Structure formats: structure tokens, C-alpha cells
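Please brief me on this predicted model.

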Amino acid sequence: MKTFLFLLLQCFSGFIFAQVTPQIINIEGRHTFSLDGEWKSIIDPFENGYYDYRRQPLNSGYGADKDVVDKSILQEYNFSTDKSLMVPGDWNTQRAEFYYYEGTVWYRKRFDYQIKPETRQFLYFGAVNYEAIVFVNGKEIGKHEGGFTPFNFEVTGLLKKGENSVVVKVDNKRRIDGVPTLNSDWWNYGGITRNVCIVETPKTYVRDYYIQLKKGETNKVVGWAQLDGNSSKNKIITVEIPELKFKQQLHPDSSGVARFESVLKPKLWTPENPKLYTVKIYTTDEAVVDEIGFRTIATKGTQILLNGKPIFCRGISIHEEAPFGKGRACTIEDDLQLLTWAKELGCNFVRLAHYPHNEQMVRIAERMGLMVWSEIPVYWTIQWSNPATYLNAENQLSDMITRDKNRANIIIWSIANETPRSTERLNFLTKLAAKARSMDSVRLIGAAMEKEEIKPGLMTVDDELGNVLDIISFNQYVGWYDGLPAKCDSVNWVFSATKPVIISEFGGGALYNLRGGKTDRFTEDYQEDLYIRSINMLKRIPSLAGTTPWILKDFRSPRRQLSGIQDDYNRKGLLSEKGEKKRSFFVLQKWYEELKEK
Ligand code: GCU
């Protein structure tokens with residue numbers, strides 16, 4: 001019965017809303033027309049611009065973007081006279097009235113556009129948090145749910161010569177059946193938080209492709225390219241890697257997919273030498289250029305092997321929050337600053353928590369030699385038995401992998417964070433892990449599980465989910481949520497599975513420059529002592545293959561209300577939100593220096 005209802009729901013929603021079109025990858029390598037910049041906005045907490053008083057969708061709501069011309073006609077909105085918001089960017093930190101706002105905000109962009117002959121146009125969003133309903137020239141073209149992954153709609157034939165209008169109803173209300181759900185420990189930044197553009201393609205174009213080393217081999221490159229368009233099957237796709245003197249013409253099959261495998265010996269990507277190759281994928285109508293690195297990633301017993309050699313992942317967790325007190329990180333400068341601090345720490349690894357970060361963050365990390373743990377926001381108490389929630393999580397996983405599958409620096413796809421154990425949760429996550437593997441048989445699959453106490457002083461991770469993961473990854477807060485820092489001295493860890501261990505979170509809070517005793521919470525002295533003792537505890541774990549302490553810098557969270565200390569900030573950062581380094585920064589940096597020399 002449930003399946004039937006689910007399918008019915010799926011058909012019905014599909015009928016009302018056009019589905020997003022398959023994701024176009026590598027936007028920066030394509031012909032685009034940017035819609036970034038100033039958009040008009042209307043705050044609409046009661047969704048008055050979408051529903052009538054009976055909560056039925058309006059025939060002509062704010063999406064129609066009508067001007068007030070005939071003053072005899074009643075119209076209670078007018079974008080053109082309303083205030084603006086900048087795109088990309090969260091609304092919370094742009095205008096005071098938006099700081100805590102959770103609800104609907106309407107965005108409107110008008111622009112002149114010249115339609116080039118023999119082309120198709122796609123409206124592309126890097127991300128919108130949380131739900132977007134999109135209108136082009138007054139026509140509702142579709143809806144997308146999920147705040148951290150890209151989506152695009154084909155708008156060929158909807159754009160017109162001259163002035164066009166795009167309206168987006170953005171709703172960041174948290175929802176119990178959402179991904180994430182109602183409860184999280186980060187600021188619910190709403191808005192069109194990443195870039196928006198029109199992607200211009202030939203009638204038949206290269207929509208997607210995958211080019212990496214064959215699993216477990218360092219001298220064989222495999223790949224495929226996906227054409228999209230009516231004349232796919234009689235197109236020839238050429239893949240070229242000039243520096244490797246590789247060029248091959250491919251003939252797509254009836255579904256527009258062309259595959260290849262070739263003996264090639266690329267210089268391997270490593271954190272010390274993050275080598276990238278220019279890769280060109282082209283037809284007679286277009287050329288898509290990308291920068292791709294080649295490496296192998298695997299586990300062997302309790303080791304993580306990069307290019308066949310054991311590597312220790314000297315990491316740090318990072319939220320996608322801009323430095324210096326701004327909101328969502330959404331510029332190259334924001335990403336560069338966060339990753340530069342990670343490099344200063346001595347990191348070769350970053351956990352981009354708790355959701356896929358913007359594409360530039362991953363690409364800049366790749367160029368800087370930082371391996372990445374990439375994660376979807378299946379966080380805490382998800383509605384495990386809700387089919388629509390599973391579909392949402394699977395869509396976000398699929399979109400994350402689709403976007404970043406050619407990034408050599410991503411070594412782990414993480415499918416969950418601190419999810420309470422249950423049969424429904426295990427089924428949900430087992431299915432998600434299988435989906436990840438079906439899309440990417442090479443990278444490691446992880447999740448931040450939770451610790452268990454075997455007996456006082458002896459800890460483990462005893463979670464059935466671990467059976468479907470390649471690593472034992474978990475968050476532990478001995479010395480913060482569990483006792484004082486001195487407790488670390490008497491705690492040891494044992495694991496039944498022979499797999500690499502990555503401790504995906506540890507740490508504690510400190511207000512920058514607040515000094516006191518080592519057991520005075522929120523002092524730098526406490527945090528420093530906690531890091532010293534935590535690291536000594538971690539050194540006693542033989543199967544430890546990496547760690548990503550929580551967290552690079554203080555970040556906003558509505559759960560952190562201790563006035564004068566937290567003031568809406570989670571203070572577990574090694575840097576303050578202003579970029580000031582705390583004493584614990586240097587404790588971790590010293591350990592990573594020691595590890596580098598080993
Ligand atoms: C959890 C959670 C984080 C949270 C952290 C904390 O482990 O994964 O998202 O911020 O604890 O309590 O600070």
C-alpha cells in the first residue's frame with residue numbers, strides 16, 4: 001500500500017511540477033550568462049504570493065511578476081518598487097529583518113537576453129536553501145528541494161528576445177520530513193546562496209562525463225561522456241588530454257553514452273603534488289574543458305591507501321560559513337581564506353560538513369592538495385520511514401556525486417551524521433550506501449557514527465551501519481560532553497572491525513581570549529588542555545588513519561545562546577569568527593607537524 005501511495009504521490013507531484021532536468025556538470029567550463037548580482041525581493045511569511053486564502057495555488061501570484069500599470073486594478077505586490085538582495089548570498093546577513101527569518105522570500109531578476117540560433121538554454125542554480133519554486137516569464141517551470149546541491153531546468157523556448165523575468169519562491173522553513181530535518185546545529189541560512197546563470201548549449205551537447213583511473217590501477221584511464229540531444233547517436237565525441245598525448249574519438253550508443261578505456265600513465269594527484277591535467281571533451285559543436293587529477297584511493301586493513309601508499313588524513317571539519325562574521329561562504333575569496341587556514345594548520349584533508357559545499361570550495365581544495373570528505377545533510381533524527389524523505393536524501397547524494405565525481409581530492413562520500421540507531425535508520429542508510437557505490441565504485445563510503453562505552457574507560461563504535469562502510473568514522477567528545485579533559489587520560493578505544501578509523505569530530509568550546517583555569521569551560525585554557533589530552537588519547541589508537549577535529553572556526557548556530565560567551569556562535573572553532581587563532585590552533589598544528597615528519 002505504502003509503495004502504491006508513494007508512486008501515486010510521485011506521479012502527482014511530477015504532474016504539478018515539471019521535474020528538474022538532469023544535472024549539467026562543470027558549469028565553469030561552459031558558455032554561461034550570469035544572473036548573479038542584485039535581485040528584487042519580497043518577504044512573504046504567509047506565502048501570500050503563492051496561495052489564496054484557502055491555501056490553493058493562485059493562478060497568477062507573484063511569479064507572474066506584473067508591473068502596476070493600471071492604477072484601477074488591485075495588485076498588492078510590485079517587485080520593481082521593493083528592496084533588493086544580492087545573489088549569491090544568504091538573506092540572513094544582508095538585512096537586519098532577515099537575521100532569524102525562516103519562511104518564504106520571493107526573488108525577481110529581469111534581464112535582456114539574446115537567444116543565439118541553434119542553441120538550447122538551461123536555467124542553472126548552484127544551490128537554493130531550502131526549497132525553490134521557479135518561474136520564467138510568468139510560467140511556473142518547476143520545484144527543487146534540498147539546500148546544498150545544484151539543479152537546472154531547460155528553458156529553451158521560454159526565454160524571449162529582449163527583457164525576460166525569472167522569479168524564485170525560496171522557502172527555508174525547516175521541515176520534519178526534510179533533509180536535514182527540523183533540528184541541526186548550524187544557522188539556517190536561507191536564500192539563493194550560490195551562483196545562478198543561463199547555460200547555453202548546442203542542440204546536442206555534452207551534458208555529463210566521468211574520467212578517472214580504473215579502480216585499483218595507475219596506468220589505465222577509463223571514462224564515459226553523455227550526450228543530450230536528438231542527434232546524439234550520430235555525433236562523434238572527442239576526448240583529449242594533450243599533456244598525455246591522448247586523443248580518442250568516440251561513438252555514442254543509442255542512449256548517447258560513449259565509453260573509453262586507455263593505457264595512460266598520468267602523474268598521480270597527491271596532497272604534496274596536486275597534479276591536474278587539462279581534459280577537453282568536444283564535438284563539432286562545442287568544447288567542454290576541465291582540469292582533472294588522477295589517483296587511486298582504497299583501504300587495506302586499518303590503512304587508507306592513496307596511490308597504494310598508507311596516508312594519515314590530517315584533517316579539520318569546516319562549515320560553509322564565510323570568514324569574518326559574514327554568512328554562507330559563497331565567493332572564491334571566502335573559500336580560499338577557509339582553506340588557507342586549513343593549510344596553515346598543516347592539513348592534507350578537510351571534512352566539508354554537514355552538506356555539499358559550493359563547487360569552487362572543492363576545486364580550490366583540489367588545487368591546494370587537500371583531500372575532501374564530502375557529506376549530505378542526513379543529520380540526526382531524519383524521518384527514516386518516509387519514502388519521500390529517502391528520495392530526497394538519495395537525490396541529494398546523487399547530485400553531490402554527479403557534480404563532483406571527477407574531483408580527485410574527494411576520497412570519502414559520507415551518508416550521515418550522528419543518526420540514532422534503529423532498524424528503519426539502518427535500512428535507509430544501507431540503501432543510501434548502496435546507491436553511492438552504484439554511482440562510484442572507487443571512493444570510500446563513510447558516516448559519522450556515535451561511540452559506545454563498553455565499560456568505564458573503554459570505548460568503541462558498535463553500530464551495524466559500520467558493516468556497510470569502508471571506514472570506522474565517528475564523533476566523540478570525551479572531555480567536553482563527556483567529562484572534563486582529564487578523562488581523556490584514562491579512556492582507551494577498541495574496535496571489532498579491521499578497518500581504518502577516522503575520528504570525524506572531537507573538541508570543545510572556547511571564547512577567543514577568554515583565559516582561566518583548565519577546567520573553566522569556554523576558556524582558551526580549557527580548550528587547549530582538551531586538545532593536548534585528546535591528541536594523546538588518539539595516539540593510543542593503532543588503527544587511527546585520520547581525524548577532522550570539530551571545527552576550523554566558530555560558526556553561527558541558534559542552539560548556542562549563552563550570552564556574553566556564545567551569542568549565537570558555536571565556539572568549538574580553533575579560530576574565532578573573526579579569524580583570530582586560539583591556543584588550541586597551535587596544539588593541533590604542532591601534532592600535524594610531527595605527523596608530517598614521520
Ligand atoms: C555534533 C554535530 C555537530 C555539532 C557538534 C557540537 O557532533 O555533528 O554538527 O556542531 O556536535 O555539538 O558542537
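A polar side-chain atom of Asp185 sits 2.5 Å from an oxygen atom of the ligand. That is a polar contact, a pair of N or O atoms within 3.5 Å; within protein, one must be able to donate a hydrogen and the other to accept it, and residues adjacent in sequence count only if both atoms are side-chain atoms. The model is predicted: local features need pLDDT of at least 70, side-chain atom pairs count only at pLDDT 80 or more, and totals for chains, interfaces and linings use all residues. Numbering starts from 1 along each chain as its sequence is written, and side-chain values use heavy atoms, with hydrogens and water left out.

**Ligand site**

- The side chain of His354 places an N or O atom 2.6 Å from a ligand oxygen.
- For Asn417, a polar side-chain atom lies 2.9 Å from an oxygen atom of the ligand.
- The protein buries 97% of the 320 Å² that the ligand exposes when taken alone (Shrake-Rupley method, 1.4 Å probe).
- There are 14 residues around the ligand, and Asp185, His354, Glu418, Tyr481 and Glu505 come nearest (a residue is near if one of its heavy atoms lies within 4 Å).
- The shell holds five nonpolar, four polar and five charged residues. Asp, Glu, Lys and Arg count as charged; Ala, Val, Leu, Ile, Met, Phe, Trp, Tyr, Cys and Pro count as nonpolar; the others, Gly among them, count as polar.

**Barrel**

- Eight strands form a closed barrel with parallel pairing, in the order E21-E22-E23-E24-E25-E28-E30-E31. Strands (E, at least two residues) and helices (H or I, at least four) are DSSP runs numbered from the N terminus. Two strands pair if DSSP finds at least two bridges between them.
- From one strand to the next, the twist averages 30 degrees. Axes are lines fitted to C-alpha atoms, for helices over the stretch in contact, and angles run from 0 to 180 degrees between N-to-C directions.
- Strand E25 (residues 444-450) pairs with strand E28 (residues 472-475) in the parallel sense over two bridges. Met449 stands opposite Phe474 in E28.
- Helix H2 (residues 332-345) packs on the sheet and touches strands E21 (313-318) and E22 (349-352). Its direction makes about 145 degrees with that of E21. Contact means heavy atoms within 4.5 Å.

**Open sheet**

- Three strands make an open sheet with antiparallel pairing, in the order E11-E12-E15.
- Strands E11 (205-213) and E15 (257-263) are the edges, each pairing on one side only. The twist averages 15 degrees from one strand to the next.
- Seven bridges join strand E12 (residues 220-228) to E15. The bridge partner of Trp224 in E15 is Arg259.

**Hairpin**

- E6 and strand E7 (residues 139-145) pair in the antiparallel sense over six bridges. Phe135 has Glu140 in E7 as its bridge partner.
- Two residues lie between the strands of this hairpin, where Asn137 takes a positive phi near 50 degrees.

**Loops and backbone geometry**

- Asn129 and Tyr130 are joined by a cis peptide bond, with omega about 20 degrees. Tyr130 is in the loop between strand E5 (119-125) and strand E6 (131-136).
- A cis peptide bond also joins Val179 and Pro180, with omega about 10 degrees. Pro180 is in the loop between strand E9 (162-171) and strand E10 (196-202).
- Phe324, in the loop between E21 and H2, has a positive phi near 65 degrees in a residue other than glycine.
- Asn386 lies in the loop between strand E23 (371-375) and helix H4 (387-404). Its side chain reaches the backbone nitrogen of Ala388 at 2.8 Å.
- Asn386 and Gly178 are 208 residues apart in sequence and 9.9 Å apart in space, C-alpha to C-alpha.
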